[in-house]
Amino acid sequence: MTVDLQTQYLGLNLRSPLIASASPLTGELASARLLEQAGAGAIVLPSLFEEEIVEEEVGMTRSLEAGTNAFAEALDYFPAVNTFIGAGDRYLARLEKMKAGLGIPVIASLNANSAGGWVRYAKLIQEAGADALELNLYHVAANPSLDGAAREAADLELIAAVRAAVTIPLAVKVSPFYSAFASFAAQVKQAGADGLVLFNRFYQPDLDLDSLDVVNKVELSRPWELRLPLRWMAILRPQLGKGFSLAATSGIHAGTDAVKGLMAGADVLAIASALLMHGPARLKVIESELVAWMEAREYVSVDQMRSSATSAKVTDPSAFERANYMATLHSWSSPDKLGS
Ligand SMILES: Cc1cc2nc3c(=O)[nH]c(=O)nc-3n(C[C@H](O)[C@H](O)[C@H](O)COP(=O)(O)O)c2cc1C
């Protein structure tokens, strides 16, 4: 029996639902080729950051102004400025190289916090040939004068601004830290996004107790982290409808994790940590495990299997969630270590 892995994501036809999420592996052509050879349905490039673009534009303005004010032969400065290669240019060049060197769809990623002049980079990314754009929203709501509604409104404004700048498919990658996520997800769809990527992992800082410095060290994920996106896939799939794309990211390390994601309603599984831990070829192993699982249960396609465990049949998902919460707490049985 052959299993059909073909998948539609953001209107793109992918050979498999296993895609390589943004990480250093997707930033270099050599490793991206290995991911393609291992069967990745698509790759997501590492993000271009709003700060990098803004910094570059401020720097360019300063060098222009400095030249104009200081020297009569100011025009001499312009060729130097024209050949100035900043983060944005490097990103576009890398994207073009990836597009030329790979046969699978290449999804670019913009990391942003606010709408602004930098949004035109979305258009440049489209012109450089990206098959889709992932807008990676990453912020910590640490401003006490900005309440939840205002923060969400700012995010939605940003999504609408990027949507207006491009015609290629647009996915939005978000953290789980929203006060009423189902409502926010519906508004993301209304703002024009074609899909959601759940969830961005926040890299929580640690403290070094010797130096008293903040330690920013990336910890790779563990499989249990899939549970959070899994729950939200199951809740959102029926609410957002079949035409809206959902990508699960966080904690997909094995074929069985991929099965869970698909059953909960994910269109694709976006993987980074497992590939960084074991190398790009790990993707092939995860695919083999997924296929073996499907064959053993006589599933012929991922389409057939997808969404078989969503909350569609539950009329009130919030009541369902509360019932589960109660059942989960009651399921705890003491391992007899209370030392009575
Ligand atoms: C070293 C590293 C770099 C990453 N860089 C990016 C990035 O540039 N943009 C982004 O959206 N996500 C980035 N991520 C997040 C991953 O794409 C992925 O969504 C997250 O790690 C959860 O998936 P996982 O459990 O398979 O690692 C990065 C993750 C790691 C570990």
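Throughout these legends, a buried residue has under 20% relative accessible area, an exposed one over 50%, and a partly exposed one lies in between (1.4 Å probe, protein chains only). This is a predicted model, in which local features need pLDDT of at least 70 and side-chain atom pairs count only at pLDDT 80 or more, while totals for chains, interfaces and linings use all residues. Residues are numbered from 1 along each chain as its sequence is written, and side-chain values use heavy atoms, with hydrogens and water left out.

View 1. Asp267 sits in the loop between helix 9 and strand 12, and Arg306 in the loop between helix 12 and helix 13 (317-330), 39 residues apart. Helices (H or I, at least four residues) and strands (E, at least two) are DSSP runs, numbered from the N terminus. Look around this pair for Arg237 and Asp303 too: Arg237, Asp267, Asp303 and Arg306 are linked in a network of salt bridges.

View 2. Helix 9 covers residues 255-264, and it is largely enclosed by the rest of the structure because eight of its 10 residues are buried. Among these buried residues are Val259, Leu262 and Met263. Their cover includes strand 3 (18-20), helix 8 (227-240), strand 12 (268-271), helix 11 (282-296) and helix 12 (302-305). Just past the end of helix 9, Gly265 has a positive phi of about 120 degrees.

View 3. Side chains of opposite charge can pair when their charged atoms come close. The whole structure holds 11 salt bridges. One of them joins the side chains of Arg15 and Glu287 (3.0 Å, N to O). This pair brings together distant parts of the chain, with Arg15 in the loop between strand 2 (12-14) and strand 3, and Glu287 in helix 11, 272 residues apart. Arg15 is partly exposed at 39% relative accessibility, whereas Glu287 is buried at 8%. Arg163 and Asp194 also meet through their side chains in a salt bridge (2.9 Å, N to O). Here Arg163 belongs to helix 6 (residues 148-165) and Asp194 to the loop between helix 7 (181-190) and strand 8 (195-198), 31 residues apart. Arg163 is buried, with 19% relative accessible area, and Asp194 is partly exposed, with 28%.

View 4. The ligand is surrounded by 19 residues, the closest being Ala22, Ser47, Ser221, Gly251 and Ser273; a residue counts here if one of its heavy atoms lies within 4 Å. A ligand nitrogen is 2.7 Å from an N or O atom in the side chain of Ser47. For Ser221, an oxygen atom of the ligand is 2.5 Å from an N or O atom of the side chain. At Ser273, a ligand oxygen is likewise 2.5 Å from a side-chain N or O atom. Taken alone, the ligand exposes 610 Å², of which the protein buries 89%; these accessible areas come from the Shrake-Rupley method with a 1.4 Å probe.

**View 5. Confidence along the chain.** The predictor's confidence in each residue is its pLDDT, from 0 to 100. The chain averages 88, and 88% of the residues score at least 70. Over residues 67-84, pLDDT stays under 50, and the model has 11 contacts beyond four places in sequence for them, a contact being heavy atoms within 4.5 Å.

Notes: Salt bridge = Lys/Arg side-chain N within 4 Å of Asp/Glu carboxyl O. Polar contact = N/O pair within 3.5 Å; in protein donor to acceptor, adjacent residues only side chain to side chain.
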